[in-house]
Amino acid sequence: MSYYGFETSYVVGIKSWEKAPDFMFSSVYAYRVIPNFLSVHVTDTVTFIVDNYLPFAKSFLLKQGSLFYHSTFLTNVFFFILTSVVLNKILKLKPVELLLNQNVRRMVHLIAIFFIVILQYVPTNCDLIAVFFYIWGVFFTLQYLQNRKPTDLIVLSIIIFISTFIRETACLNIAFFAALFIDFENLKKRNFAFVKELVVLIIAFILPYIGLRMIIHQDASFVEGVYLIKNFTSPYNLMGLLFGILSIYFSYKFSDEVGKMMIKKYLFFSSPYLIMITLVGLFWETRLFMPLILTGVVMASYQFKKHYI
């Protein structure tokens, strides 16, 4: 629906590309190594299959867009399904009392998935891959909260490391971990429990982040542009901001007191990301709020009381 039905200006351009455009490898997008790799090789694979085994379908497919466009769709659908599977596992971990009802839990799952779908009116080759790794990291963070197994922390670190090669949203896994484990009152008392674990996750993010910028030399800026003024003077961007705020507020009102506290802490630790999308992102591209919205759903659905009360 969102790929073949929503005709934004972004879609019109992508539909005409026969292969991954050069700017993906010569701009800020060059640092998104894994999505760019998949864009090239999935497109080559789809082209080979269509040319050699499905020649009769080629004219039909090209009516709806280039093979590169269809390849982007297939890649994102694959990671969309994986995200749905992991999200379903998260909702079953320690659900709040309301979600013990299977039908209610399925409805919350559907709402979360629907948010992902409608936000794909700006299709990219990296968003759903990044969302999958983020939700996967959320799963292992909650596993670590429950079991305190070092293996869960190690896997989380590996996920953050790999995710940094996809998109900078990997840093939000660190914010999620900090929201769950860092207590401001304990910090005031010089109790630095879980700070070491947090440092490990930060290193897992910084090493590939800096490494990419050292290895991939380019004249382009680290950002596509500065849109601060445009974000607060354009009706489109203001509506996007309102959508993001209302979506997160929906989860906040749905949460119990501990869940509300967790959402507040998460937003605090996510402030660097929020500042960056305000400065160099466009609020109209509400896909930028997707990790925050899904986190709100998780915070509202998970039973934190057993850990914090």
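Here is a short tour of this predicted model, stop by stop. Local features need pLDDT of at least 70 and side-chain atom pairs count only at pLDDT 80 or more, while totals for chains, interfaces and linings use all residues. Residues are numbered from 1 along each chain as its sequence is written, and side-chain values use heavy atoms, with hydrogens and water left out.

**Stop 1: salt bridges**

Select Asp127, Arg167, Glu285 and Arg287, which are linked in a network of salt bridges (side-chain nitrogen of Lys or Arg within 4 Å of a carboxyl oxygen of Asp or Glu). Aspartate 127 pairs with arginine 167, with the closest N and O atoms 3.5 Å apart. This pair links distant parts of the chain: aspartate 127 sits in helix 6 (residues 127-147), and arginine 167 is in the loop between helix 7 (150-163) and helix 8, 40 residues apart. Helices here are DSSP runs of H or I, at least four residues, numbered from the N terminus. Now pick arginine 287 and glutamate 285, whose closest N and O atoms are 2.6 Å apart. Both are buried (under 20% relative accessible area; exposed is over 50%, partly exposed in between, with a 1.4 Å probe and protein chains only). Aspartate 127 and arginine 167 are buried too.

Lysine 58 is partly exposed at 31%, and aspartate 51 is partly exposed at 39%.

**Stop 2: rings**

Select phenylalanine 176 and tyrosine 266, an edge-to-face pair with 6.3 Å centre to centre and 70 degrees between the planes. Rings of Phe, Tyr and Trp (its six-membered ring) pair if their centres lie within 6.5 Å; planes under 30 degrees apart are stacked, over 60 edge-to-face, the rest tilted. Phenylalanine 176 lies in helix 8 (residues 171-181) and tyrosine 266 in helix 13 (residues 257-269), so the pair ties together parts 90 residues apart in sequence.

Next, show Phe78, Phe79, Phe132, Phe133, Trp136, Phe139 and Phe140: ring pairs link them into a cluster.

**Stop 3**

Finally, select Val226, Leu228, Ile229, Phe232, Leu238, Met239, Leu242, Leu246, Ile275, Met276 and Leu279, which make a nonpolar surface patch of about 1000 Å². Patch residues have over 30% relative accessible area and no salt bridge; nonpolar side chains (Val, Leu, Ile, Met, Phe, Trp, Tyr) are joined within 5 Å, like charges within 9 Å. Helix 12 gives the most, with 4 residues. Isoleucine 275, in helix 14, counts as partly exposed at 49% relative accessibility.

Methods:
Accessible areas come from the Shrake-Rupley method with a 1.4 Å probe; for residues, only the protein chains shown count as cover. Helices (H or I, at least four residues) and strands (E, at least two) are DSSP runs, numbered from the N terminus.
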